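The tour goes stop by stop.

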Amino acid sequence: MIGLLQRVKSASVSVDGKVIGEVGHGLLVLVCAEKGDSEEQCEKLAKKVLAYRIFEDEAGKMNKSLTDIAGEILVVSQFTLAADTAKGLRPSFTPAADPETGKRLYEHFIAKVRESGLKTQTGQFGAYMQVALINDGPVTIWLKC
């Protein structure tokens with residue numbers, strides 16, 4: 001599983017011109033399942049996302065997690081994170097999980113994040129989406145579990 005964390009002041013996701021998910025201060029997490037991933041990777045990634053210390057403490061150091069600040073989280077599926085760019089000028093997406101597996105693992109990841117009790121919003125798996133955000137910092141971290 002790949003997670004691209006973006007620390008945000010706010011973020012939203014729209015489908016067909018309608019906002020379907022939006023959050024304030026917290027994280028926008030773009031998520032991608034790769035071939036061979038399982039629920040175990042989802043759970044590990046969810047745990048890491050919730051505990052990853054990328055929010056500033058009183059001294060201005062990144063010592064606080066999303067859970068510590070009671071932040072909000074917007075989770076959006078993005079299979080393009082699995083792009084293989086080693087050859088040529090067009091990415092290959094063969095490392096990405098098939099759509100059925102990807103959707104199942106995406107939904108499992110969301111369920112694990114929601115167990116935290118934090119405000120959790122989502123995109124729509126497989127939909128053409130527009131994502132808007134105000135990146136805070138900017139802070140963007142790529143995680144793989």
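In which hand does helix 1 pass helix 3? The crossing is right-handed (the near helix is turned clockwise from the far one by less than a right angle). This is a predicted model, where local features need pLDDT of at least 70, side-chain atom pairs count only at pLDDT 80 or more, and totals for chains, interfaces and linings use all residues. Residues are numbered from 1 along each chain as its sequence is written, and side-chain values use heavy atoms, without hydrogens and water.

**Helix pair.** Select 39-51, helix 1, and 99-114, helix 3. Helices are DSSP runs of H or I with at least four residues; strands are E runs of at least two, and both are numbered from the N terminus. The two axes come within 9 Å and cross at roughly 40°. Axes are lines fitted to C-alpha atoms over the stretch in contact, with angles from 0 to 180 degrees between N-to-C directions.

Now show side chains. The contact residues divide into eight nonpolar, one polar and four charged. Nonpolar means Ala, Val, Leu, Ile, Met, Phe, Trp, Tyr, Cys and Pro; charged means Asp, Glu, Lys and Arg; the others, Gly among them, are polar.

**Pocket lining.** Select strand 3 (26-32), which gives the largest share of the largest pocket's lining, four residues. Strand 6 (72-77), helix 3 and strand 8 (129-144) each supply at least two. By class, the lining has 18 nonpolar, six polar and one charged residues.

**Backbone stops.** Go to proline 138, in strand 8. The peptide bond from glycine 137 is cis, with omega near -5°. Finish at aspartate 16, in the loop between strand 1 (2-15) and strand 2 (18-23). Its phi is near 55°, a positive value in a residue other than glycine.
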